[in-house]
Amino acid sequence: MKKAVFLVLILSVAVFAQGKGYGGFVMSYMMPDLADLSSEFTSHGLPAIEDEVITYGGGGWGGGKHLMFGGWGFSGGRKFDSDSVSVKMNYGGGFFEPGYFINIYKGFGVMPSVGIGGTCVTLKLRPRLGDVDFGDLLDNPGRTSEVSYSTFTLAPSLTILIPIEFIAIQIKGGYMWSPFDGEWELADGADLRKAPEINPSGIYAQAGLLFGGGSN
């Protein structure tokens, strides 16, 4: 998922270079439905997963007078510990995003758009053991597991753009909708059976600091 964020950051730089839009960094407040996963955590001695996730990422968009094309990506997570296991959870995604910009006054405007992409929940698990010698690790490397849940996601949204000289503040709200069930997969490609369901659908809010030049 970090690769997806990196790709949309490259896109934002390209948009900025063309002078037809904006690109920069965004912070998002998201509310995916992770209730079933949280129940699995608590039944095995781990803390519950909060309903809200704060993520960081970037993106950009550009185009003609009204029709715009761009993309954005995000990633964020936290760590959970029990007496026997430590889990690092990451929630991320990436979207291609066409939109229609409505200029209200000198670059200040609104843009309805829809993101087309995917979201992913990744769990990295390891037993809570003491330190280990490097040689012992080579002899017995089976100390960590990584599993992920990926799904196709649509993200309709409404953006408000507030330009200030060569920067702009972006305020955005929307809804992430995953119409199809995703799949759990171990890092080695094997399927994971009897895993909890995850529905990343939920509202999100976003604030961004962008650089570039919009059409007046």
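**Reading the model**

Author: A search of the whole structure finds 11 aromatic pairs. Please keep in mind that this is a predicted model.

Reader: How is such a pair described, and which residues do ring pairs link into a cluster?

Author: In general, a pair of aromatic rings is described by how far apart the centres lie and by the angle of the planes. In this structure, Trp72, Phe74, Tyr91, Phe95 and Tyr204 form a cluster linked by ring pairs.

Reader: Which residues of the largest nonpolar core touch the most other members?

Author: This core has 24 residues, and those touching the most other members are Leu37, Phe41, Met89, Val121, Leu123 and Met176. At least two core residues come from each of helix 2, strand 3, strand 4, strand 6 and strand 7. Strand 4 provides the largest share, five residues. Another core, of eight residues, lies apart from this one and includes Trp61, Phe101, Ala168 and Leu210.

Reader: How should I read a helix, and where do the buried residues of helix 2 fall when seen down its axis?

Author: An α-helix has 3.6 residues a turn, so residues three or four places apart point the same way. In helix 2, Leu37, Ser38 and Phe41 are buried. Seen down the axis, these buried residues of helix 2 fall within an arc of 100°, so they line one face of the helix. They pack against strand 3, strand 4, strand 6 and strand 9. After helix 2 comes Gly45, which has a positive phi, near 85°.

Reader: How many salt bridges does a search of the whole structure find?

Author: The general idea is that side chains of opposite charge can pair when their charged atoms come close. Two salt bridges are found here. In one of them, Arg78 meets Glu50 at 3.9 Å, N to O. Arg78 belongs to strand 3 and Glu50 to the loop between helix 2 and strand 2, 28 residues apart. In the other, Glu97 meets Lys172 at 2.8 Å, N to O. Glu97 is in strand 4 and Lys172 in strand 8, so this pair ties together parts 75 residues apart in sequence.

Reader: Are Glu97 and Lys172 buried or exposed?

Author: Both Glu97 and Lys172 are buried, whereas Arg78 is partly exposed, at 34% relative accessible area.

Reader: With which side chain does the side chain of Ser28 make a polar contact?

Author: Ser28, in strand 1, has a side chain in polar contact with that of Gln206, at 2.9 Å. Ser28 counts as buried because its relative accessibility is 2%, under the 20% cut-off.

Technical notes: Residues are numbered from 1 along each chain as its sequence is written. This is a predicted model: local features need pLDDT of at least 70, side-chain atom pairs count only at pLDDT 80 or more; totals for chains, interfaces and linings use all residues. Side-chain values use heavy atoms; hydrogens and water are left out. A nonpolar core is a set of buried Ala, Val, Leu, Ile, Met, Phe, Trp, Tyr and Cys residues joined through side-chain atoms within 4.5 Å. Buried means under 20% relative accessible area, exposed over 50%, partly exposed in between (1.4 Å probe, protein chains only). Helices (H or I, at least four residues) and strands (E, at least two) are DSSP runs, numbered from the N terminus. Rings of Phe, Tyr and Trp (its six-membered ring) pair if their centres lie within 6.5 Å; planes under 30 degrees apart count as stacked, over 60 as edge-to-face and the rest as tilted. The arc is that of the directions from the helix axis to the C-beta atoms. Contact means heavy atoms within 4.5 Å. A polar contact is a pair of N or O atoms within 3.5 Å; within protein, one must be able to donate a hydrogen and the other to accept it, and residues adjacent in sequence count only if both atoms are side-chain atoms. A salt bridge is a side-chain nitrogen of Lys or Arg within 4 Å of a carboxyl oxygen of Asp or Glu.
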